[in-house]
Amino acid sequence: MSAPATTTTRSIAVPKGRDPGSVAVLGGGVAGLTAAHELAERGYRVTVYERNDALGGKARSMGVPGTGTGTGTGTGTGGRLPLPGEHGFRFFPGFYRNLPDTLRRIPYPNKSGSVHGNLVNAPECLVARFGGRPNLRFPVRTLLSLPVPASLLPGTLVESLMGLLDTSLNLPPTEVAHFLGRLLVHLTSCELRRIEQWERVPWWTFINADAMSREYQQLLGVGITRDLVAVRAEVASTRTVARLIQAFIYNLLGRGNDGEIDRVLNAPTSEAWITPWEVHLRSLGVEFEFGTAVEELVYAGGRITGVRVRSTSTAAGRTVAAGHYISAMPVQDARAGWGADLRAADPQLERCDRLRTAWMVGVQFYLRTRTPLVHGHVIHVDSPWALTSVSQAQFWKGRDFRSTYGDGEVADCLSVDISAWDRPGILYGRPGIKCTPDEVRREVWAQLKAGLNGAGRQVLADADLHSWFMDPAVSGLGGPAPSHREQLLIHPVGTWYDRPSSRTAVPNLFLAGDYVATDIDLATMEGANESARRAVNALLDTAGSTAPRCRVRRLHRPPELAFLHKLDEIRYRSGLPNLFDRG
(Lines give C-alpha, C1' and ligand atoms only; values in the text may rest on other atoms or scores of the structure.)
Protein backbone atom coordinates (compact mmCIF):
# COMPACT_ATOMS: atom_id res chain seq x y z
CA MET A 1 0.00 0.00 0.00
CA SER A 2 1.49 3.29 -1.04
CA ALA A 3 1.11 6.52 0.84
CA PRO A 4 -1.01 9.25 -0.72
CA ALA A 5 0.88 11.82 -2.73
CA THR A 6 0.02 14.62 -0.36
CA THR A 7 -1.08 14.82 3.25
CA THR A 8 -2.85 17.55 5.12
CA THR A 9 -2.12 18.41 8.74
CA ARG A 10 -3.71 20.97 11.00
CA SER A 11 -1.82 24.11 11.86
CA ILE A 12 -1.26 23.98 15.63
CA ALA A 13 0.14 26.88 17.61
CA VAL A 14 3.21 26.08 19.74
CA PRO A 15 3.74 28.20 22.87
CA LYS A 16 6.07 31.11 22.13
CA GLY A 17 9.50 30.88 23.64
CA ARG A 18 8.93 27.34 24.86
CA ASP A 19 10.56 24.24 23.44
CA PRO A 20 7.64 21.94 22.71
CA GLY A 21 9.76 19.21 24.29
CA SER A 22 10.17 15.52 23.71
CA VAL A 23 7.75 12.77 24.64
CA ALA A 24 8.44 9.07 25.04
CA VAL A 25 5.32 7.05 24.23
CA LEU A 26 5.66 3.56 25.70
CA GLY A 27 3.63 1.21 23.53
CA GLY A 28 2.54 1.28 19.91
CA GLY A 29 -1.05 0.08 20.16
CA VAL A 30 -4.15 2.19 19.54
CA ALA A 31 -3.56 4.27 22.70
CA GLY A 32 0.11 4.93 21.95
CA LEU A 33 -0.44 5.79 18.30
CA THR A 34 -3.33 8.10 19.18
CA ALA A 35 -1.16 9.94 21.72
CA ALA A 36 1.68 10.22 19.20
CA HIS A 37 -0.73 11.56 16.58
CA GLU A 38 -2.19 14.25 18.82
CA LEU A 39 1.20 15.31 20.19
CA ALA A 40 2.90 15.46 16.80
CA GLU A 41 0.14 17.71 15.48
CA ARG A 42 0.90 20.04 18.37
CA GLY A 43 4.61 20.30 17.67
CA TYR A 44 6.02 17.80 20.14
CA ARG A 45 8.94 15.52 19.29
CA VAL A 46 7.63 12.00 19.81
CA THR A 47 9.35 8.63 19.94
CA VAL A 48 7.22 5.49 20.23
CA TYR A 49 8.84 2.46 21.89
CA GLU A 50 7.22 -0.82 20.85
CA ARG A 51 8.27 -4.29 21.97
CA ASN A 52 6.95 -6.00 18.82
CA ASP A 53 8.26 -5.59 15.28
CA ALA A 54 4.95 -4.07 14.14
CA LEU A 55 2.50 -1.45 15.40
CA GLY A 56 -1.14 -1.80 16.34
CA GLY A 57 -1.08 -4.01 19.44
CA LYS A 58 -4.24 -6.10 19.70
CA ALA A 59 -5.70 -4.23 16.70
CA ARG A 60 -3.06 -5.19 14.17
CA SER A 61 -3.27 -7.90 11.54
CA MET A 62 -0.37 -10.09 10.43
CA GLY A 63 0.57 -12.44 7.66
CA VAL A 64 0.61 -16.14 8.50
CA PRO A 65 4.27 -17.20 8.21
CA GLY A 66 5.11 -19.47 5.32
CA THR A 67 1.80 -19.13 3.49
CA GLY A 68 2.60 -16.53 0.81
CA THR A 69 4.04 -17.29 -2.61
CA GLY A 70 6.06 -14.09 -2.87
CA THR A 71 9.82 -13.94 -3.11
CA GLY A 72 12.47 -12.85 -0.64
CA THR A 73 10.68 -11.27 2.31
CA GLY A 74 7.59 -13.45 2.33
CA THR A 75 5.36 -10.44 1.84
CA GLY A 76 3.89 -11.75 -1.38
CA THR A 77 6.06 -9.72 -3.76
CA GLY A 78 5.62 -11.20 -7.21
CA GLY A 79 2.95 -13.62 -5.99
CA ARG A 80 0.19 -14.10 -3.45
CA LEU A 81 0.25 -12.50 -0.02
CA PRO A 82 0.44 -14.59 3.16
CA LEU A 83 -2.92 -15.63 4.56
CA PRO A 84 -4.34 -12.80 6.72
CA GLY A 85 -4.12 -13.46 10.46
CA GLU A 86 -5.04 -11.27 13.42
CA HIS A 87 -5.43 -11.14 17.18
CA GLY A 88 -9.18 -11.01 16.64
CA PHE A 89 -11.61 -9.35 14.27
CA ARG A 90 -12.18 -5.58 14.47
CA PHE A 91 -15.60 -4.11 15.21
CA PHE A 92 -16.46 -0.38 14.97
CA PRO A 93 -19.90 0.39 16.45
CA GLY A 94 -21.57 3.58 15.36
CA PHE A 95 -21.47 4.92 18.91
CA TYR A 96 -17.67 5.15 18.71
CA ARG A 97 -16.93 8.84 18.20
CA ASN A 98 -13.34 9.50 19.29
CA LEU A 99 -11.72 6.75 17.23
CA PRO A 100 -13.64 7.65 14.04
CA ASP A 101 -12.38 11.24 14.39
CA THR A 102 -8.83 9.88 14.34
CA LEU A 103 -9.60 7.63 11.36
CA ARG A 104 -10.79 10.67 9.40
CA ARG A 105 -7.42 12.33 10.01
CA ILE A 106 -5.35 9.48 8.57
CA PRO A 107 -4.91 10.00 4.80
CA TYR A 108 -5.76 7.11 2.50
CA PRO A 109 -6.06 7.07 -1.30
CA ASN A 110 -9.75 6.20 -1.52
CA LYS A 111 -12.91 8.09 -2.33
CA SER A 112 -13.18 9.67 1.13
CA GLY A 113 -9.46 10.42 1.30
CA SER A 114 -9.10 8.87 4.74
CA VAL A 115 -8.95 5.55 6.56
CA HIS A 116 -12.50 6.19 7.78
CA GLY A 117 -13.60 5.47 4.22
CA ASN A 118 -12.46 1.87 4.69
CA LEU A 119 -15.29 1.17 7.15
CA VAL A 120 -18.14 -0.85 5.67
CA ASN A 121 -21.48 -1.70 7.24
CA ALA A 122 -22.30 -5.17 8.50
CA PRO A 123 -26.10 -5.04 8.20
CA GLU A 124 -27.05 -8.43 9.70
CA CYS A 125 -26.45 -10.49 12.82
CA LEU A 126 -26.92 -14.20 13.50
CA VAL A 127 -27.41 -15.84 16.89
CA ALA A 128 -26.28 -19.48 16.51
CA ARG A 129 -27.63 -22.04 18.99
CA PHE A 130 -26.88 -25.65 19.93
CA GLY A 131 -29.16 -28.66 19.80
CA GLY A 132 -30.72 -27.95 16.42
CA ARG A 133 -32.74 -25.05 17.82
CA PRO A 134 -33.58 -22.42 15.20
CA ASN A 135 -30.87 -19.83 14.81
CA LEU A 136 -31.96 -16.22 15.10
CA ARG A 137 -31.12 -14.02 12.14
CA PHE A 138 -32.05 -10.37 12.25
CA PRO A 139 -31.13 -7.57 9.88
CA VAL A 140 -29.68 -4.58 11.69
CA ARG A 141 -30.97 -2.35 8.89
CA THR A 142 -34.51 -3.45 9.74
CA LEU A 143 -33.94 -2.36 13.33
CA LEU A 144 -32.55 0.93 12.11
CA SER A 145 -35.62 1.45 9.92
CA LEU A 146 -38.01 1.27 12.85
CA PRO A 147 -39.70 4.58 13.66
CA VAL A 148 -37.32 6.85 15.58
CA PRO A 149 -39.10 8.62 18.43
CA ALA A 150 -38.95 12.39 18.43
CA SER A 151 -38.37 12.22 22.18
CA LEU A 152 -36.70 9.68 24.46
CA LEU A 153 -38.96 10.28 27.44
CA PRO A 154 -39.74 7.04 29.33
CA GLY A 155 -43.03 6.24 27.57
CA THR A 156 -41.77 6.61 24.02
CA LEU A 157 -38.41 5.08 24.98
CA VAL A 158 -40.04 1.90 26.30
CA GLU A 159 -42.28 1.70 23.23
CA SER A 160 -39.25 1.96 20.93
CA LEU A 161 -37.28 -0.60 22.92
CA MET A 162 -40.25 -2.99 22.83
CA GLY A 163 -40.18 -2.72 19.05
CA LEU A 164 -36.46 -3.46 18.97
CA LEU A 165 -36.69 -6.51 21.25
CA ASP A 166 -39.83 -7.92 19.60
CA THR A 167 -38.00 -7.71 16.28
CA SER A 168 -34.82 -9.43 17.40
CA LEU A 169 -35.58 -11.82 20.31
CA ASN A 170 -37.82 -14.82 20.80
CA LEU A 171 -38.75 -14.40 24.46
CA PRO A 172 -42.04 -14.43 26.42
CA PRO A 173 -43.62 -10.97 26.49
CA THR A 174 -43.50 -10.90 30.29
CA GLU A 175 -39.73 -11.40 30.25
CA VAL A 176 -39.27 -8.77 27.55
CA ALA A 177 -41.31 -6.35 29.69
CA HIS A 178 -39.24 -7.17 32.77
CA PHE A 179 -35.95 -6.65 30.96
CA LEU A 180 -37.21 -3.34 29.57
CA GLY A 181 -38.08 -2.27 33.08
CA ARG A 182 -34.55 -3.01 34.25
CA LEU A 183 -33.09 -1.11 31.30
CA LEU A 184 -35.33 1.85 32.09
CA VAL A 185 -34.00 1.88 35.64
CA HIS A 186 -30.44 2.21 34.39
CA LEU A 187 -31.26 4.68 31.62
CA THR A 188 -32.87 7.02 34.15
CA SER A 189 -30.29 6.50 36.90
CA CYS A 190 -27.99 9.40 37.73
CA GLU A 191 -24.26 8.95 37.32
CA LEU A 192 -23.74 8.90 41.09
CA ARG A 193 -26.10 5.94 41.48
CA ARG A 194 -24.45 4.15 38.58
CA ILE A 195 -21.00 4.54 40.13
CA GLU A 196 -21.89 3.93 43.77
CA GLN A 197 -24.71 1.40 43.42
CA TRP A 198 -24.82 -0.33 40.04
CA GLU A 199 -21.03 -0.71 39.85
CA ARG A 200 -21.36 -3.00 42.89
CA VAL A 201 -24.25 -5.11 41.52
CA PRO A 202 -23.64 -8.06 39.17
CA TRP A 203 -25.53 -7.91 35.87
CA TRP A 204 -27.07 -11.34 36.52
CA THR A 205 -28.58 -10.03 39.74
CA PHE A 206 -29.69 -6.73 38.24
CA ILE A 207 -31.76 -8.41 35.51
CA ASN A 208 -33.11 -11.11 37.91
CA ALA A 209 -31.78 -13.84 35.63
CA ASP A 210 -32.24 -16.60 38.23
CA ALA A 211 -36.03 -16.21 37.99
CA MET A 212 -36.17 -16.23 34.20
CA SER A 213 -36.19 -18.77 31.38
CA ARG A 214 -33.08 -20.39 29.96
CA GLU A 215 -33.47 -18.34 26.78
CA TYR A 216 -33.53 -15.12 28.81
CA GLN A 217 -30.46 -16.21 30.76
CA GLN A 218 -28.52 -17.22 27.65
CA LEU A 219 -29.39 -14.22 25.48
CA LEU A 220 -29.57 -11.36 27.96
CA GLY A 221 -27.31 -12.65 30.72
CA VAL A 222 -24.60 -14.98 29.47
CA GLY A 223 -24.54 -13.88 25.83
CA ILE A 224 -24.20 -10.15 26.41
CA THR A 225 -21.56 -10.35 29.12
CA ARG A 226 -19.28 -13.13 27.84
CA ASP A 227 -19.38 -12.20 24.16
CA LEU A 228 -19.13 -8.44 24.57
CA VAL A 229 -17.52 -7.83 27.97
CA ALA A 230 -15.58 -11.14 28.29
CA VAL A 231 -16.67 -11.80 31.89
CA ARG A 232 -19.32 -13.96 33.52
CA ALA A 233 -22.73 -12.37 34.03
CA GLU A 234 -22.72 -13.50 37.66
CA VAL A 235 -19.85 -11.10 38.43
CA ALA A 236 -19.97 -8.51 35.61
CA SER A 237 -20.47 -4.88 36.63
CA THR A 238 -24.00 -3.70 35.89
CA ARG A 239 -22.69 -0.19 35.27
CA THR A 240 -20.36 -1.43 32.52
CA VAL A 241 -22.78 -3.85 30.85
CA ALA A 242 -25.75 -1.49 30.95
CA ARG A 243 -23.63 1.39 29.69
CA LEU A 244 -22.73 -0.69 26.63
CA ILE A 245 -26.36 -1.68 26.03
CA GLN A 246 -27.37 1.96 26.43
CA ALA A 247 -24.86 2.96 23.75
CA PHE A 248 -26.23 0.33 21.36
CA ILE A 249 -29.81 1.47 22.03
CA TYR A 250 -29.09 5.11 21.27
CA ASN A 251 -27.13 4.01 18.21
CA LEU A 252 -30.16 2.05 16.94
CA LEU A 253 -32.42 5.01 17.67
CA GLY A 254 -30.20 7.33 15.66
CA ARG A 255 -28.86 9.39 18.54
CA GLY A 256 -25.24 10.59 18.79
CA ASN A 257 -23.87 8.30 16.09
CA ASP A 258 -20.87 8.26 13.81
CA GLY A 259 -22.51 5.60 11.64
CA GLU A 260 -24.43 2.34 11.63
CA ILE A 261 -24.29 0.04 14.61
CA ASP A 262 -21.98 -2.64 13.14
CA ARG A 263 -19.03 -1.81 10.90
CA VAL A 264 -15.89 -3.66 9.86
CA LEU A 265 -12.91 -2.83 7.67
CA ASN A 266 -12.78 -3.61 3.96
CA ALA A 267 -9.32 -5.23 4.18
CA PRO A 268 -6.95 -6.68 6.81
CA THR A 269 -6.59 -4.20 9.66
CA SER A 270 -2.96 -3.26 9.16
CA GLU A 271 -3.48 -2.71 5.44
CA ALA A 272 -6.64 -0.65 5.86
CA TRP A 273 -5.63 1.30 8.95
CA ILE A 274 -2.40 0.66 10.90
CA THR A 275 0.14 0.92 8.07
CA PRO A 276 -1.36 4.15 6.67
CA TRP A 277 -1.35 5.49 10.23
CA GLU A 278 2.35 4.73 10.62
CA VAL A 279 3.08 6.40 7.27
CA HIS A 280 1.17 9.50 8.34
CA LEU A 281 2.81 9.67 11.76
CA ARG A 282 6.25 9.45 10.19
CA SER A 283 5.29 12.35 7.94
CA LEU A 284 4.53 14.33 11.12
CA GLY A 285 7.99 13.54 12.49
CA VAL A 286 7.15 10.69 14.86
CA GLU A 287 9.98 8.21 15.33
CA PHE A 288 9.60 4.52 16.15
CA GLU A 289 11.85 2.06 17.96
CA PHE A 290 10.70 -1.51 17.42
CA GLY A 291 11.77 -4.54 19.39
CA THR A 292 12.14 -2.39 22.51
CA ALA A 293 10.58 -3.69 25.71
CA VAL A 294 10.05 -1.42 28.72
CA GLU A 295 11.49 -2.80 31.97
CA GLU A 296 11.19 0.03 34.49
CA LEU A 297 10.30 3.70 34.78
CA VAL A 298 13.09 5.43 36.70
CA TYR A 299 11.66 7.70 39.39
CA ALA A 300 13.79 10.25 41.24
CA GLY A 301 13.23 13.72 42.67
CA GLY A 302 9.50 13.57 42.12
CA ARG A 303 9.74 12.95 38.35
CA ILE A 304 10.41 10.25 35.81
CA THR A 305 14.04 10.69 34.80
CA GLY A 306 14.23 7.90 32.26
CA VAL A 307 12.97 4.49 31.19
CA ARG A 308 15.03 1.33 31.25
CA VAL A 309 14.41 -0.67 28.10
CA ARG A 310 15.93 -3.74 26.52
CA SER A 311 16.16 -5.04 22.98
CA THR A 312 13.92 -8.07 22.43
CA SER A 313 16.40 -9.46 19.91
CA THR A 314 19.75 -8.92 21.67
CA ALA A 315 18.65 -8.48 25.32
CA ALA A 316 20.86 -5.39 25.46
CA GLY A 317 19.62 -2.82 27.98
CA ARG A 318 19.80 0.97 28.07
CA THR A 319 18.00 3.98 29.49
CA VAL A 320 16.05 6.40 27.31
CA ALA A 321 15.04 9.88 28.41
CA ALA A 322 12.47 12.50 27.40
CA GLY A 323 10.75 15.52 28.85
CA HIS A 324 7.41 13.72 29.25
CA TYR A 325 6.32 10.08 29.31
CA ILE A 326 3.05 8.48 28.27
CA SER A 327 2.68 4.87 29.36
CA ALA A 328 0.42 3.31 26.73
CA MET A 329 1.03 -0.36 27.40
CA PRO A 330 -1.51 -2.99 28.52
CA VAL A 331 -2.04 -2.80 32.27
CA GLN A 332 -0.24 -6.06 33.05
CA ASP A 333 2.89 -4.72 31.29
CA ALA A 334 2.59 -1.12 32.51
CA ARG A 335 2.35 -1.96 36.20
CA ALA A 336 5.32 -4.34 35.98
CA GLY A 337 7.53 -1.30 35.38
CA TRP A 338 6.31 0.76 38.35
CA GLY A 339 8.76 0.54 41.23
CA ALA A 340 7.95 0.96 44.92
CA ASP A 341 8.91 4.65 45.05
CA LEU A 342 6.80 5.49 42.00
CA ARG A 343 3.84 3.60 43.39
CA ALA A 344 4.20 5.46 46.69
CA ALA A 345 4.10 8.76 44.81
CA ASP A 346 0.64 7.99 43.41
CA PRO A 347 -1.70 5.52 45.17
CA GLN A 348 -3.77 4.97 42.03
CA LEU A 349 -0.82 3.10 40.53
CA GLU A 350 -0.89 0.66 43.43
CA ARG A 351 -4.62 0.09 42.94
CA CYS A 352 -3.97 -1.05 39.37
CA ASP A 353 -2.65 -4.32 40.83
CA ARG A 354 -6.26 -5.21 41.58
CA LEU A 355 -7.36 -4.83 37.95
CA ARG A 356 -8.05 -8.17 36.33
CA THR A 357 -7.29 -9.28 32.80
CA ALA A 358 -8.34 -12.33 30.83
CA TRP A 359 -7.60 -14.07 27.59
CA MET A 360 -9.67 -12.87 24.65
CA VAL A 361 -7.95 -13.91 21.48
CA GLY A 362 -9.01 -15.21 18.11
CA VAL A 363 -8.50 -18.13 15.75
CA GLN A 364 -8.76 -17.80 11.98
CA PHE A 365 -10.06 -20.72 9.94
CA TYR A 366 -9.19 -20.66 6.24
CA LEU A 367 -11.88 -22.28 4.10
CA ARG A 368 -11.76 -23.66 0.57
CA THR A 369 -15.29 -22.45 -0.13
CA ARG A 370 -16.70 -18.95 0.17
CA THR A 371 -18.80 -19.18 3.34
CA PRO A 372 -20.68 -15.97 4.21
CA LEU A 373 -22.58 -17.24 7.25
CA VAL A 374 -24.38 -13.91 7.55
CA HIS A 375 -23.61 -10.42 6.29
CA GLY A 376 -22.29 -9.44 9.69
CA HIS A 377 -21.28 -11.06 12.97
CA VAL A 378 -22.35 -14.39 14.44
CA ILE A 379 -22.89 -14.73 18.20
CA HIS A 380 -22.52 -18.39 19.19
CA VAL A 381 -24.61 -17.93 22.30
CA ASP A 382 -24.51 -21.55 23.53
CA SER A 383 -20.80 -22.10 22.94
CA PRO A 384 -19.06 -22.65 26.31
CA TRP A 385 -16.04 -20.68 25.05
CA ALA A 386 -18.24 -17.67 24.18
CA LEU A 387 -17.41 -17.57 20.48
CA THR A 388 -18.20 -14.76 18.08
CA SER A 389 -17.23 -14.85 14.42
CA VAL A 390 -17.30 -13.07 11.08
CA SER A 391 -16.76 -14.29 7.51
CA GLN A 392 -14.32 -11.75 6.13
CA ALA A 393 -14.07 -12.25 2.35
CA GLN A 394 -17.56 -10.84 1.78
CA PHE A 395 -16.44 -7.47 3.17
CA TRP A 396 -13.15 -7.27 1.26
CA LYS A 397 -14.63 -6.10 -2.01
CA GLY A 398 -12.48 -5.73 -5.09
CA ARG A 399 -10.16 -8.63 -4.34
CA ASP A 400 -10.33 -12.32 -5.13
CA PHE A 401 -9.27 -14.25 -2.04
CA ARG A 402 -7.82 -17.22 -3.96
CA SER A 403 -5.63 -15.12 -6.19
CA THR A 404 -4.59 -12.70 -3.42
CA TYR A 405 -3.67 -14.94 -0.47
CA GLY A 406 -1.95 -18.20 0.35
CA ASP A 407 -1.54 -21.10 -2.05
CA GLY A 408 -4.55 -20.34 -4.22
CA GLU A 409 -6.88 -22.82 -2.49
CA VAL A 410 -8.33 -20.54 0.21
CA ALA A 411 -11.57 -18.73 -0.62
CA ASP A 412 -12.54 -17.29 2.77
CA CYS A 413 -11.35 -16.52 6.29
CA LEU A 414 -13.69 -17.25 9.20
CA SER A 415 -12.28 -15.15 12.05
CA VAL A 416 -13.39 -16.28 15.51
CA ASP A 417 -12.98 -14.58 18.89
CA ILE A 418 -12.74 -16.77 22.00
CA SER A 419 -13.89 -14.91 25.12
CA ALA A 420 -14.03 -17.69 27.74
CA TRP A 421 -10.78 -19.64 27.99
CA ASP A 422 -11.55 -20.88 31.52
CA ARG A 423 -14.60 -23.07 30.84
CA PRO A 424 -14.72 -26.74 29.75
CA GLY A 425 -15.30 -27.38 26.07
CA ILE A 426 -17.61 -29.90 24.39
CA LEU A 427 -14.91 -32.03 22.74
CA TYR A 428 -12.21 -32.55 25.38
CA GLY A 429 -14.01 -31.32 28.50
CA ARG A 430 -11.14 -28.98 29.35
CA PRO A 431 -10.82 -25.17 29.33
CA GLY A 432 -8.92 -23.66 26.44
CA ILE A 433 -6.02 -22.63 28.63
CA LYS A 434 -5.44 -26.35 29.39
CA CYS A 435 -5.53 -27.48 25.76
CA THR A 436 -2.77 -27.79 23.18
CA PRO A 437 -2.95 -25.45 20.18
CA ASP A 438 -4.37 -28.21 17.97
CA GLU A 439 -6.93 -29.12 20.64
CA VAL A 440 -8.00 -25.48 20.79
CA ARG A 441 -8.46 -25.51 17.02
CA ARG A 442 -10.49 -28.74 17.09
CA GLU A 443 -12.58 -27.57 20.07
CA VAL A 444 -13.44 -24.21 18.49
CA TRP A 445 -14.30 -25.89 15.19
CA ALA A 446 -16.57 -28.35 17.04
CA GLN A 447 -18.36 -25.54 18.86
CA LEU A 448 -18.83 -23.63 15.62
CA LYS A 449 -20.39 -26.67 13.97
CA ALA A 450 -22.59 -27.36 16.99
CA GLY A 451 -24.24 -23.98 16.53
CA LEU A 452 -24.24 -23.66 12.75
CA ASN A 453 -24.91 -27.27 11.68
CA GLY A 454 -27.77 -29.53 12.72
CA ALA A 455 -31.54 -29.69 12.13
CA GLY A 456 -30.92 -30.19 8.44
CA ARG A 457 -28.29 -27.46 8.29
CA GLN A 458 -24.82 -28.23 6.90
CA VAL A 459 -22.93 -24.96 6.99
CA LEU A 460 -19.40 -26.00 7.94
CA ALA A 461 -17.78 -29.15 6.54
CA ASP A 462 -14.52 -30.70 7.75
CA ALA A 463 -13.35 -31.19 4.17
CA ASP A 464 -13.67 -27.48 3.58
CA LEU A 465 -11.14 -26.56 6.29
CA HIS A 466 -7.80 -25.73 4.68
CA SER A 467 -5.78 -24.47 7.70
CA TRP A 468 -5.95 -22.27 10.76
CA PHE A 469 -3.95 -19.65 12.68
CA MET A 470 -3.72 -18.18 16.20
CA ASP A 471 -1.95 -15.02 17.34
CA PRO A 472 1.63 -15.93 18.37
CA ALA A 473 1.12 -13.74 21.46
CA VAL A 474 -0.33 -16.96 22.90
CA SER A 475 2.40 -19.42 23.84
CA GLY A 476 2.93 -22.51 25.95
CA LEU A 477 -0.50 -24.02 25.37
CA GLY A 478 -0.54 -27.62 26.52
CA GLY A 479 2.36 -26.99 28.88
CA PRO A 480 2.64 -26.09 32.56
CA ALA A 481 2.71 -22.31 32.05
CA PRO A 482 0.61 -21.09 29.12
CA SER A 483 0.85 -17.33 28.57
CA HIS A 484 -0.76 -14.58 26.54
CA ARG A 485 1.03 -11.24 26.07
CA GLU A 486 -2.03 -9.33 24.84
CA GLN A 487 -4.66 -9.83 27.53
CA LEU A 488 -7.81 -7.74 27.91
CA LEU A 489 -9.08 -5.85 30.94
CA ILE A 490 -12.30 -7.40 32.25
CA HIS A 491 -15.03 -5.73 34.28
CA PRO A 492 -16.21 -7.60 37.37
CA VAL A 493 -18.05 -5.53 39.98
CA GLY A 494 -15.93 -2.82 41.56
CA THR A 495 -13.44 -2.54 38.68
CA TRP A 496 -14.21 1.15 38.17
CA TYR A 497 -12.82 2.07 41.59
CA ASP A 498 -9.37 0.76 40.67
CA ARG A 499 -9.07 2.25 37.20
CA PRO A 500 -6.62 5.17 37.14
CA SER A 501 -7.03 8.54 35.46
CA SER A 502 -4.75 9.63 32.62
CA ARG A 503 -3.18 12.26 34.88
CA THR A 504 -0.88 10.96 37.60
CA ALA A 505 0.64 12.66 40.66
CA VAL A 506 3.99 12.58 38.87
CA PRO A 507 4.08 15.76 36.75
CA ASN A 508 5.70 14.23 33.66
CA LEU A 509 3.99 10.80 33.65
CA PHE A 510 0.64 10.16 31.98
CA LEU A 511 -1.36 6.99 31.39
CA ALA A 512 -3.20 5.79 28.29
CA GLY A 513 -4.72 2.42 27.52
CA ASP A 514 -7.97 0.50 27.65
CA TYR A 515 -7.61 0.10 31.44
CA VAL A 516 -7.63 3.87 32.12
CA ALA A 517 -10.90 5.41 33.31
CA THR A 518 -12.92 6.73 30.37
CA ASP A 519 -16.49 7.71 29.63
CA ILE A 520 -17.15 4.60 27.54
CA ASP A 521 -15.89 2.54 30.53
CA LEU A 522 -15.43 -0.65 28.50
CA ALA A 523 -11.95 -1.87 27.45
CA THR A 524 -12.15 -1.13 23.72
CA MET A 525 -10.27 0.60 20.91
CA GLU A 526 -12.54 3.57 21.56
CA GLY A 527 -11.55 3.57 25.22
CA ALA A 528 -7.86 3.38 24.29
CA ASN A 529 -8.28 6.33 21.91
CA GLU A 530 -10.25 8.37 24.45
CA SER A 531 -7.70 7.71 27.20
CA ALA A 532 -4.86 8.88 24.94
CA ARG A 533 -6.69 12.13 24.23
CA ARG A 534 -7.11 12.66 27.97
CA ALA A 535 -3.43 11.90 28.56
CA VAL A 536 -2.36 14.44 25.93
CA ASN A 537 -4.66 17.07 27.41
CA ALA A 538 -3.19 16.45 30.86
CA LEU A 539 0.31 16.78 29.42
CA LEU A 540 -0.60 20.05 27.70
CA ASP A 541 -2.06 21.40 30.95
CA THR A 542 1.04 20.45 32.91
CA ALA A 543 3.34 21.96 30.29
CA GLY A 544 1.34 25.20 30.18
CA SER A 545 0.85 24.79 26.44
CA THR A 546 -1.46 27.12 24.53
CA ALA A 547 -2.05 24.46 21.87
CA PRO A 548 -5.70 23.46 21.47
CA ARG A 549 -6.80 20.55 23.61
CA CYS A 550 -7.92 17.25 22.11
CA ARG A 551 -11.65 17.04 21.84
CA VAL A 552 -13.00 14.20 23.99
CA ARG A 553 -16.43 13.04 22.90
CA ARG A 554 -18.68 11.41 25.48
CA LEU A 555 -21.37 8.82 24.88
CA HIS A 556 -24.72 10.31 23.93
CA ARG A 557 -26.83 11.66 26.79
CA PRO A 558 -30.44 12.43 25.78
CA PRO A 559 -31.32 15.91 26.99
CA GLU A 560 -34.90 14.70 27.57
CA LEU A 561 -33.65 12.52 30.42
CA ALA A 562 -31.68 15.25 32.19
CA PHE A 563 -34.59 16.04 34.52
CA LEU A 564 -35.00 12.36 35.49
CA HIS A 565 -31.26 12.07 36.10
CA LYS A 566 -31.39 15.08 38.41
CA LEU A 567 -34.46 13.69 40.16
CA ASP A 568 -32.72 10.36 40.61
CA GLU A 569 -29.69 12.05 42.14
CA ILE A 570 -31.95 13.67 44.73
CA ARG A 571 -33.60 10.31 45.42
CA TYR A 572 -30.25 8.54 45.67
CA ARG A 573 -28.83 11.07 48.09
CA SER A 574 -32.03 10.65 50.13
CA GLY A 575 -31.61 6.87 50.26
CA LEU A 576 -34.51 6.17 47.88
CA PRO A 577 -34.51 3.77 44.91
CA ASN A 578 -34.78 4.85 41.30
CA LEU A 579 -38.29 6.03 40.39
CA PHE A 580 -38.80 3.02 38.07
CA ASP A 581 -37.07 0.42 40.25
CA ARG A 582 -39.63 -2.20 41.26
CA GLY A 583 -37.06 -4.92 41.85
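These notebook entries record what I looked up in the structure of one protein.

**Basis of the entries**

I worked from a predicted model, in which local features need pLDDT of at least 70 and side-chain atom pairs count only at pLDDT 80 or more, while totals for chains, interfaces and linings use all residues. Residues are numbered from 1 along each chain as its sequence is written, and side-chain values use heavy atoms, with hydrogens and water left out.

**Entry 1: overall form**

I began with the secondary structure, which comes to 17 helices and 23 strands. Helices (H or I, at least four residues) and strands (E, at least two) are DSSP runs, numbered from the N terminus. The radius of gyration is 24 Å, close to the 25 Å that the globule rule gives for 583 residues, so the protein is as compact as a globular protein of that length. I note that this radius is taken over C-alpha atoms, and that the rule is 2.2 Å times the number of residues to the power 0.38. Along the principal axes, the C-alpha trace spans about 65 × 65 × 50 Å.

**Entry 2: burial, contacts and surface**

I then looked up burial, where buried means under 20% relative accessible area, exposed over 50%, and partly exposed in between (1.4 Å probe, protein chains only). Of the 583 residues, 59% are buried. For contacts (heavy atoms within 4.5 Å), I took the pairs at least 6 apart in sequence, and 70% of these join residues at least 24 apart. The accessible surface comes to about 22100 Å², and carbon and sulfur atoms account for 53% of this area. Accessible areas come from the Shrake-Rupley method with a 1.4 Å probe; for residues, only the protein chains shown count as cover.

**Entry 3: charges and salt bridges**

I found 65 positive and 57 negative side chains, with the centres of the two sets 3 Å apart. Lys and Arg count as positive and Asp and Glu as negative, whereas His and the chain ends are not counted. Each charge is placed at NZ of Lys, CZ of Arg, CG of Asp or CD of Glu.

Side chains of opposite charge can pair when their charged atoms come close. I searched the whole structure for salt bridges (a side-chain nitrogen of Lys or Arg within 4 Å of a carboxyl oxygen of Asp or Glu), and the search gave 46 of them.

In one, Arg533 and Asp101 meet at 2.7 Å, N to O. Arg533 lies in helix 16 (residues 525–543) and Asp101 in helix 2 (residues 98–104), so this pair ties together parts that are 432 residues apart in sequence. Arg533 is buried at 1% relative accessibility, and Asp101 is buried at 18%.

I next recorded the salt bridge between Arg430 and Glu439, whose closest N and O atoms are 2.4 Å apart. Here Arg430 is partly exposed at 28%, whereas Glu439 is buried at 17%.

The remaining pair is Lys449 and Asp462, with a salt bridge of 2.8 Å, N to O. Lys449 lies in helix 15 (residues 437–452), and Asp462 lies 13 residues away in the loop between helix 15 and strand 19 (465–470). Lys449 is partly exposed, at 22% relative accessible area. I also noted one network, in which salt bridges that share partners join Glu191, Arg194, Arg239, Arg243, Arg499, Asp519, Asp521 and Arg557.

**Entry 4: positive phi**

I returned to Asp521, which is not a glycine but has a positive phi of about 75°. Asp521 is in the loop between strand 23 (509–511) and helix 16, and is buried at 1% relative accessibility.

Asn208 also has a positive phi, near 55°. I place Asn208 in the loop between helix 7 (203–206) and helix 8 (214–229), where it is partly exposed at 26%.

**Entry 5: two further loop residues**

Met212 lies in the loop between helix 7 and helix 8 and is buried, with a relative accessible area of 18%. Not counting residues up to four places away in sequence, I find Met212 touching Glu175, His178, Ile207 and Gln217. From Met212 to Val23 I record 189 residues in sequence and 53 Å in space, C-alpha to C-alpha.

I find Pro472 in the loop between strand 19 and strand 20 (474–475), partly exposed at 48%. Leaving aside neighbours within four places in sequence, Pro472 is in contact with Met62 and Arg485. Pro472 and Leu355 are 117 residues apart in sequence, with 24 Å between their C-alpha atoms.
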